[in-house]
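Me: I have a structure open and would like to go through it slowly. Could you walk me through it?

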Amino acid sequence: MQLTVWTYEGPPHVGAMRVATGMEGLHYVIHAPQGDTYADLLFTMIERRDKRPPVTYTSFKGRDLGQDTAELFMEAAREACERFKPQAMLVSSSCTAELIQDDPGGLAKGLGLPVPAIPLELSSYQRKENWGASETFYQVVRGLAGPHVPAPGTERPARPEGQRPRCNILGPTALGFRHRDDIQEITRLLNSLGIDVHVTAPMSATPMDIARLGEADFNVVLYPEIAATAAKWLERMFKQPFTKVVPIGVGATREFIAEVAALAGVDPEPALRDGDSRLPWYSRSVDSNYLTGKRVFIFGDATHAVAAARVATEEFGFTVVGLGTYSREFAREVREAAKQYGIEPLITDDYLEVEAQVAELHPELVLGTQMERHIAKRLGVACAVISAPVHVQDFPARYAPQMGFGGANVLFDTWVHPLMMGLEEHLLGMFREDFEFHAEAGPSHLGASAPAETRPVGAAQAATSPAAATVEPEPEATPTDGEPVWSPEAEKELRKIPFFVRGKARRNTERFAKERGISRIEIDTLYDAKAHFGR
Amino acid sequence: MSGDKLMDIPVIRERGQNSMFCGLTGIIWLHRKIQDAFFLIVGSRTCAHLMQSAAGVMIFAEPRFGTAIIEERDLAGLADANEELDRVVARLLERRPDIRMLFLVGSCPSEVIKLDLERAASRLSRQHQPQVRVLSYSGSGLETSFTQGEDTCLAALVPELPQAPADGAPDLLVVGTLADVVEDQFVRLFNEMGITRVQFLPARNSREMPAVGPNTRYILAQPFLADTARCLEKRGATRIAAPFPLGEEGTTRWLKAVADTFGVAGDLFDRVTAPGIERARRGMVRMREQLAGKRLFMLPDSQLEIPLARFLHREAGMELLEIGTPHLHRQHLAEELTLLPEGTTLSEGQHLDKQLDRCRAARPDVVVCGLGLANPLEAEGITTKWSIELVFTPIQGYDQAADLAELFARPLLRKAKLRV
């Protein structure tokens, strides 16, 4: 058993729902007890979808157990097929139904439905949402494109003269972080290279579209967490190569353009020349100087986290102090990226561990998920969201892709916005004791920003205090065995250090004092320690 | 509707897809109400995900609930589920030394694998006493829907309540979670009537839970507490039958039932309630203008539907099309049912698609429904009121009557205002 407060991912059948809801003409019947219908609201409330997800639940109850839950499933599947007239169906068990072992796949087969029914085995007690989405997409592709696989050894026919190269875009689903806008941006980019998008899937594809996937020349994988498995299968079966670069940031977008141009046999130059990203110039302009070396902590799904680390380093001039992911399936990619930055990666789905590390590292900016947004808010650190899990705010009304050159512009704005502006920061440093322009004030352009918590918090402490968002007074210095004591003057001086490095300064000074047998920390000790450790 | 017809009110009974939460969702308000209690769901990742999604936004502070997620190794017998649970509870209590009462909350998977949480609770109680009392109840969708989770929770509390002396004066016990502000208003009214021994279940703190005994007169503040009522009666308490305190009329009748039980003189009762009645009626004037004649269709959700429909019809003048409820408890709702207009269509249980067909055909002005359905219906041009707001808002009592009506008027007003 695992003790969980908040989870980064839902159960695997929610991943399956993301695939089904993204598609058209597909219906998903889940064998599930009453209550599991909550998942509908993820789509209708968080993503503001104007249609119910194409999902039917059997809603069995305690009194049905031991009677005929299998019959309930068959009735629901028959009714759903008749009412919604899908081109294909998905059937599976939710976690509870897995335990009663009714075998929805077998039952659906026995029904002789007029459309294909694709069974899903989702291993709810082992797997999670992204795996569920990936497995579902793979099964949908295998089930529907499978009948069109050419005989082994067949050569891919050459593209007819005069026909533009075609690719599929794979990976976008319902409830994905900015998938809606990424597709638009990348489709436009591909078109500018003279490449047609044949099918985009799962988002907006019908089962009939899935059956045609093999006709394209190659695949563009935007979200490997969801589409890598399906893309590998398509490569094996249809000899369709797929892209490995995820076009987040200016550098990656350029590499992506080169990659697709090579796959399609077209000239990359038009798209590169057109590159209308403002990020490179904005980042070089002098007012961005203050961004240099900002300490940033990054956490999210593997794809977005790794991409953010690269953009933060190469395109913002930040220093990555922490990098992690909750996607254990992609831990290797994150470990490799972390090596480049000389840091230990954090691979965990325990939100409390992430919080503890943010508290310990004292970053100036957190790039994370909605969970990290809460952590950052509590610790008084600036934050921008770069990855699922998502919240209603992550579906903005405006066009806000993460990918391509347009996406890079969005990244620049979104990541810089929560930070204090350069001169403002200097003024704060100079006049720390101004009663309203004080060190704990948030950036002046963010009106309602809460004052930061001033004390470094251990995870347990932060987590147990419901009042953690309020400013607590510094504790009185009391001598304990072997621990140096702060003089009131040194304590006062410490407060003049910006809050996000204050905890570190305190610890370093104490360590410095202890190592030298200094029992009372004076102002000089503080500055000696600063000189010793540098920054 | 007259009393003798009560038992043969026609009710549409359906089964099929239910679009209702399970009883775990009750934890969202219970964990705020009982301030030193922690709710540990023993369930799956789905349960944990439900809690964080149903809570709408992730709550800023660490919530006093969590999930012990059952994993493959627990099912395969590689790990002893009870040992695992002991380990998880020990870790939790170490992290949260402020917790005094721990509820182990059963879920669909824990019930299917027959994990005996009652035994686990008494074992853990022995281990962690006197700091922490450990209780268990079921919030599983197999047994409970939405607000029934509060019922099973309070029913688990009742045997733990201290014994009230058998020879004392009668005590009043108000049963069912109310907003703190509403409780305080009711206490003031009861005190003015001379009823000073008033307690609430649940109390705001596990150490202040009310005593109960043969001298306890209890009144339900919520219509979904069938098990709790039964347990209280087992302890000798007597129920005061009344409609529920929604709207001016409901509140007056509810208070009156208490006043009569405690022998409060009629003129004193009138004097105490007059200002509240006046304020509630004044507040309702504007609301009635907006709601009168509007056609209401309610999908089943919280079991508050029948008292709400009574209020919206009698005090706001709304027309009732179909009133759905997850469960119809005829005894606890007897006083409510007699106040409904003749011929109201009631439905119990749900077959979602068939009910939505009826709903569209009835062309309602407002539909009360869950969060999963609201936007899709709005997109069809049907105005909705999300039902979950009705359990998360102070709606009982005189001073909340107009607020309650406003929850229904606002979507209509908005629809009229928007020009996009």
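**A walk through the two chains**

Reply: Gladly, and please keep in mind that this is a predicted model. Chain A contains 22 helices and 15 strands, and of its 535 residues 50% count as buried.

Me: For contacts in chain A with a separation of 6 or more, what share comes from residues 24 or more positions apart?

Reply: Among those contacts in chain A, residues 24 or more positions apart account for 69%.

Me: And which domains is chain A given?

Reply: The domain assignment of chain A lists domain 1 (12-128), domain 2 (163-274), domain 3 (279-425) and domain 4 (474-533).

Me: Let's take domain 1 and domain 2 of chain A, then. How many residues are in contact there?

Reply: In chain A, 14 residues of domain 1 are in contact with 11 residues of domain 2. On the side of domain 1 of chain A that touches domain 2 of chain A, helix 1 and helix 2 (40-46) of chain A each supply at least two residues, and helix 1 of chain A gives the most, with 4 residues. Sorted by class, that side of domain 1 of chain A has 7 nonpolar, 4 polar and 3 charged residues. As for spacing, the C-alpha centres of domain 1 of chain A and domain 2 of chain A lie 30 Å apart.

Me: Helix 1 of chain A again. Which strands does it lie across?

Reply: Helix 1 (residues 12-22) of chain A lies across strand 2 (26-31), strand 3 and strand 4 of chain A, and it runs at about 160° to strand 2 of chain A.

Me: What order do the strands take in the open sheet of chain A?

Reply: The open sheet has 4 strands in the order 3-2-4-5 (chain A), with parallel pairing. Strand 3 (55-57) and strand 5 (117-119) of chain A stand at the edges, and because each has a single partner strand, one side of each is left without a neighbour in the sheet. From one strand to the next, the twist averages 20°.

Me: How many bridges link strand 4 and strand 5 of chain A?

Reply: Strand 4 (residues 88-93) of chain A pairs with strand 5 of chain A over 3 bridges in the parallel sense, and the bridge partner of A:Leu90 in strand 5 of chain A is A:Ile118.

Me: Now the two chains together. How many residues does each give to the contact?

Reply: Chain B gives 55 residues and chain A gives 52 residues. Helix 2 of chain B gives the most to the side of chain B that touches chain A, with 8 residues, and by class that side has 28 nonpolar, 15 polar and 12 charged residues. There are also 3 bridges joining strand 1 (residues 2-4) of chain A to strand 3 of chain B, and these strands run antiparallel. The bridge partner of A:Thr4 in strand 3 of chain B is B:Thr67.

Me: Last one: why is helix 12 of chain B said to be largely enclosed?

Reply: Helix 12 (residues 305-314) of chain B is largely enclosed by the rest of the structure because 8 of its 10 residues are buried. Among the buried residues of helix 12 of chain B are B:Glu305, B:Arg310 and B:Phe311.

Conventions
Residues are numbered from 1 along each chain as its sequence is written. Chains are lettered from A and ligands numbered from 1 in the order in which they are written. This is a predicted model: local features need pLDDT of at least 70, side-chain atom pairs count only at pLDDT 80 or more; totals for chains, interfaces and linings use all residues. Two residues are in contact if their C-beta atoms, placed from the backbone, lie within 7 Å. Ala, Val, Leu, Ile, Met, Phe, Trp, Tyr, Cys and Pro count as nonpolar, Asp, Glu, Lys and Arg as charged, and the others, Gly among them, as polar. Two strands pair if DSSP finds at least two bridges between them. Axes are lines fitted to C-alpha atoms, for helices over the stretch in contact, and angles run from 0 to 180 degrees between N-to-C directions. A residue is buried if 20 or more other C-beta atoms lie within 10 Å of its own, exposed if 12 or fewer, and partly exposed in between; C-beta atoms are placed from the backbone. Domain bounds come from an automatic or database domain assignment.
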